[in-house]
Amino acid sequence: MDYNDSISSGMGDFPEIEEQDIPEIMPLMAVRDVVIFNYMIIPLFVGRPASVSAINESLAKDKLIMLVTQKDSAIDEPEPDDIYKVGMVCVIMRTLKLPDGRLKVLVQALRKAKVVDILEQEPHFSVRIETVADSEPENVDVAVEALMRNVREQTEKIMSLKGIMSSDLMLILNNIDEPGRLADLVVSNLHMKTAESQGLLETFDPVARLKRVAELLNKELEVSTMQAKIQSEAKEEMGRTQREYFLREQLQALKKELGDIDEKSQEIEELREKLTKTRMPKEARKESMKQLKRLEMMHPDASEATIIRTYLDWMLEVPWRKSSKDRIDLKVAKEVLDADHYGLNKVKERILEYLAVRKLNTSTKGPILCFVGPPGVGKTSLGQSIARAMGRKFHRLSLGGMRDEAEIRGHRRTYIGSMPGRIIQGLKDVGANNPVFMMDEIDKIGSDYRGDPSSALLEVLDPEQNFDFSDHYLNLPFDLSKVMFITTANMTDTIPSPLLDRMEVIRLSGYTLEEKMVIAKRYLLPRQIKENGITEKQINLDDKTLEKLITHYTRESGLRNLEREIGSVCRKIARRIAEGKKGPYTISSNTLSKYLGPPRHLPECEAEIIDQPGLVTGLAWTEVGGEILYVEIIILKGRGNLTMTGQLGDVMKESAQAALSFCRSRLEQLKLGEAFFEEHDIHVHVPAGAIPKDGPSAGVTIATALYSALSKKKVRQDVAMTGEITLRGRVLPIGGLKEKALAALRAGIKTVIIPDQNKKDLVEIPKNLRDKLNFVPVKKMDQILAIVFE
């Protein structure tokens, strides 16, 4: 039999066949997925050749056949071990041949029997059987009656829960007085597992079989009760959803009939569809749907409707889970960084380290770097190169002059025109949640009554917090941990300490003459040639001329003025070519002044002005790089006053007082009288009086100048110095050594005196720069005095 489907089953009242009328040998047919019990009438679909053969032999004889159940319904040709040994002797009542060649037979179970021996297997099973008679009790006691009543009640409850309640079936159940027959009828009408049903069939004691049925009914009742509860809840939810859908469709149909269908309804549906398709966190989707329902209930012209509509647009456009794929190829990334920038090895090494870690651990958080250096050294362009090397999007945000905290955290949705902060805006513009995000001029953030933006940045730039960044406008957490933040600053003094502590500071000091030469030839000159519409064949600028342009027309740590001067030369050549004058034009060091005018800086002349006592060259650090600082001191007849001019700050004034006290402690060496300082005034002046100056690193310079003026000895022209001084003449360390060294080199200085504790910083200075300068570490002021006087 290929498949059996119980179309209907029942219990018959046919006359019983006597046991002596049942032959001992008869054909056997295996059935699948059904166990047949006493008195059952059931239709079977027969298609397997062995089954058809068994049916045909039965019909040819006495229409009796032994039906047993297969252990595994998937087996098409069962062996003797694949069938149970207890089954039913059935009589074939009707047969019908179907168009597909199968037989439909209607059989009634007559007597339980078990297979004693299998005589033949081909073309079908032929077996010897032994009938089994159920010994029904003659008198039903109270316990059995109670058991039978319990089975009837449980059966009624289960059938009621399953919705298959039949009054005819219950009438039959109530009219049955034999325990075994009641058990068989109940089991035949419940969908139980084949193994459980077969176990009941093989239980020959009627009372024991009824008890087992009662146990199974208890379990089935629990399952049916839970199933009915689940179906009821699901149906209730589905009914509510369908009702809402039906009412919404009716409302749309009515509006359409009345000609009242408007753009708002269409817009609501479009927004709902977009929100369903957009990938966003669960909280964001829940809030969006909530706001969409509010918008649906509002009038389109209401002011709050505009706010909600704008909010939903932002929710759709913010890249919640959209990321760009990182380029993890370290070799390619290094080539990109080298192609865009010359030098800056420390920065490049840090980026390659991050990419290496990213390759080994894809879940690593983005670093937060802070590039500190003077203007024009390539901080911003370096960020763009990093993004290109990593294959990420790039966004730049200028923080200079920002005073409103809402610029970072966003405005709350309490008025028309509110927007998210610049962080979320930037992510929306690039369309990815892992760009390289550059924040320029972080040292120039302000604060006023509207809040402190630097405090808001504490959360943004903290890897332990920014995975849950909250924008006031969205009012939802956004994960910023995948963003690579890069900040830039000219100096760290104005950055709040808690904010500076969250960033990895990388200093870009500036470029040497050789580096500027290479950068000018490789990047600046070709770019200006292209921008001014001329060709490389029309201009010839040799190395000697380019060196003079750098040293005599610019004085900076960066490259901006250098590019301006190169651009000025290119523009003048472009004008000549546009006027019809043919090139090429060769620019030499002698003709450079025709294009740029007289030199603005004469480094070799500046060193020659140290020609009298009281004049010393110092080195200073500024936010635009290192600078030469000249200190002039003269001694005048007076009353012991100390005058300081040149817009000196408080720290620098205190350094002058300390220098004076040091010199007063050296009266014997200076060969001055006890009353000298009471009878003379001292005037300390630092040229470029319009520029404010401050800091402790000019202490040794002021002390040396004062000692020079008092001793009337000239200081060497090729020496510059930096360091802080104490009252006892100790020289303390300073910062910005590389910037100061570059300034000394630009001014033609050969010897630089530095504090002994700054020797460790010499490794940060390029070797070619160290070879050109003689760095002399000192611990005490007396060592400086021994070096500087001719």
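This is a predicted model: local features need pLDDT of at least 70, side-chain atom pairs count only at pLDDT 80 or more; totals for chains, interfaces and linings use all residues.
Contact here means heavy atoms within 4.5 Å.

**First stop: α10 and α12**

Select residues 330-340 for helix α10 and residues 379-390 for helix α12. Their axes lie 8 Å apart, and the packing angle is about 155°. Since angles over 145 degrees count as roughly antiparallel, that is the relation of α10 to α12.

Now show side chains. Which residues of α10 meet α12? On the α10 side, pick A333, V336, L337 and D340; their partners in α12 are S385, I386, R388 and A389. Colour this contact by residue class and you will find five nonpolar residues, one polar and two charged.

**Second stop: α18 and α19**

Next, select residues 543-553, which form helix α18, together with residues 560-578, helix α19. How far apart are the axes of this pair? They are 10 Å apart, and the helices pack at an angle of about 125°. The two are therefore oblique to each other. Here too, the label for the crossing of α18 and α19 is right-handed.

By class, the contact of α18 with α19 holds six nonpolar residues, no polar ones and one charged.

Note on methods. Residues are numbered from 1 along each chain as its sequence is written. Side-chain values use heavy atoms; hydrogens and water are left out. Axes are lines fitted to C-alpha atoms, for helices over the stretch in contact, and angles run from 0 to 180 degrees between N-to-C directions. Helices (H or I, at least four residues) and strands (E, at least two) are DSSP runs, numbered from the N terminus. Angles under 35 degrees count as roughly parallel, over 145 as roughly antiparallel, 65 to 115 as roughly perpendicular and the rest as oblique. Ala, Val, Leu, Ile, Met, Phe, Trp, Tyr, Cys and Pro count as nonpolar, Asp, Glu, Lys and Arg as charged, and the others, Gly among them, as polar. A crossing is left-handed if the near helix is turned anticlockwise from the far one by less than a right angle, and right-handed if clockwise.
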